[in-house]
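Open the structure in your viewer and keep the selection tool at hand. The tour below goes from stop to stop.

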Number of protein chains: 2
Amino acid sequence: MSATHAQTRFNSTLTSQCQNCSLSALCLPIALADEDINKLDQIIERKKPLKKGDFLFRQGEKFDSVYAVRSGTLKTFNITSVGEEQITGFYCPSELVGLSGVDSDTYPVSAKALETTTVCEIPFTHLEELSTQIPSLRHQLFKVMSRKISDDQQMMVLLGKKNADEKVASFLLNLSNRFKKRGYSASAFRLSMSRGEIGNYLGLAVETVSRVITRFQKNELIHVDGKEIEIVNFPEMQKLVGIASDCGKIANIR
Amino acid sequence: MSATHAQTRFNSTLTSQCQNCSLSALCLPIALADEDINKLDQIIERKKPLKKGDFLFRQGEKFDSVYAVRSGTLKTFNITSVGEEQITGFYCPSELVGLSGVDSDTYPVSAKALETTTVCEIPFTHLEELSTQIPSLRHQLFKVMSRKISDDQQMMVLLGKKNADEKVASFLLNLSNRFKKRGYSASAFRLSMSRGEIGNYLGLAVETVSRVITRFQKNELIHVDGKEIEIVNFPEMQKLVGIASDCGKIANIR
DNA sequence: GTCATATCTTGACCTGTGTCAGAAAAAGCC
DNA sequence: GGCTTTTTCTGACACAGGTCAAGATATGAC
């Protein structure tokens, strides 16, 4: 009885966090009934903020949770045979980090904060259990994983077939879309990652990223001030990415 | 009652197909109790063979099933803005095709047979339902999707960071591993895809693939006879891929 | 079998991007 | 504030791999 009581208390202090969270429309609770959101709330732990450079988890550590980003940005990466870091993704608010750990029971990548970042920890076994009780949650989980698969495959197309200009343009439009989805400006935003990290992610040298960005600015496609980016000429940028079939997809990567 | 009867008949003709299937230890039924395998059997439809070049499904079509490959090979690809095909994966027996369709309700890629191929169709809504009743099946499904995510991310590393030699070596060792897993020779096998398709997948020109393969043969790393490949010098090939951290991963892509 | 078509190989050449080097700007730090 | 360290930018140059071309080999149709 005391356990139930404790749970109720826990629930009452943190209850409706998901409901009140400005990200709830984008995050896991999407399409959940209020009571179901409460159930989800009960298994979620809000962790204290990570400072820039802090690890959320490290490659090889035991997997037990996925994390929803509340604020800030994370990168995931692994270390190649020659000891260099290979970035496999950037994660913005409302996005889920750590899904690749489910299979092997250890995280196959490390996750590190690019700036001050807060996350919600979601113990995966609890989430799986809960997904038995709430079909729409289970469906949502499948969808999120499926989405990740098709996004990563778009990324493979980008890495395999695109030149430096197309890569950088895709990257910027992709970020733009993610900001837009969260209600921020689609045209002006701040890059939380360095040029080096962008290059690493896109399979380009830092120098190439820098040159492409400079050239985009010269051609008045974008306006740049350090990490602040403003996309000035959307049509032209979209044309660069390829306006047809795959463009919509690419632009929607998240 | 007649419906139940029909189901029983269906079950009795096809029953234990999964149990008898030589792939069951690799495919979805992994770790399922006999009775659960029977339940799974009932929702699975064995389709008639695809001939080389036949589509299993096309990009944009309504998603309703995932498919387990029983024999043969498939490729998935999408069409880029400039109308060229970009291959996103090859699928061997026991592997699951179509998972990327769950999110958007349409397949984001097309799937085409590279040779005569048979598949089991698994209607996804049924599979999802069944996964509610069988926790180990649900867990297995999450694992399969998670595995796909981490494999694709390894592929991103390969596309972004590796040179032509490393790409081709990774590709061959990857195939070798997949054959081995199914009980076939890890050292000698037949490529069901053309050099062009390999190049497309790896982000290389056909000519480059051809040159690399020829050079590998000259250096006695492999022996080649058209589509027949024999890996002669495993240690050297593994060294090419990068023996450290990520190598094990890469070699395990599937 | 013969012919037609697709795939594969090889050579010669070209180009986009990586590498190296150094200067300029920004970010941390005491 | 000034100092150090990191990040960004720019230029000069090199080379991996793309492109073009042409011949060789394999595959398929009839």
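**Cysteines, then the DNA**

A disulfide here means a pair of cysteine sulfur atoms within 2.5 Å. This is a predicted model, in which local features need pLDDT of at least 70, side-chain atom pairs count only at pLDDT 80 or more, and totals for chains, interfaces and linings use all residues. Residues are numbered from 1 along each chain as written, chains are lettered from A and ligands numbered from 1 in the order written, and side-chain values use heavy atoms, without hydrogens and water.

Cys92(B) has 5% relative accessibility and counts as buried (under 20% relative accessible area, 1.4 Å probe, protein chains only). Next select Cys120(B), also buried, at 7%. The sulfur of Cys120(B) is 6.3 Å from that of Cys18(B), the closest cysteine sulfur, again too far for a bond. Over all chains, the search finds 0 disulfides.

Now show DNA strand D and the 16 residues around it (a heavy atom within 4 Å). Those that come nearest are Ser210(A), Arg211(A), Ala164(B), Thr208(B) and Arg211(B).

- Thr208(B): a polar side-chain atom lies 2.4 Å from one.
- Ala164(B): a polar backbone atom is 2.8 Å from one.
- Ala205(B): a backbone N or O atom lies 3.1 Å from one.

Notes. Buried means under 20% relative accessible area, exposed over 50%, partly exposed in between (1.4 Å probe, protein chains only). A polar contact is a pair of N or O atoms within 3.5 Å; within protein, one must be able to donate a hydrogen and the other to accept it, and residues adjacent in sequence count only if both atoms are side-chain atoms.
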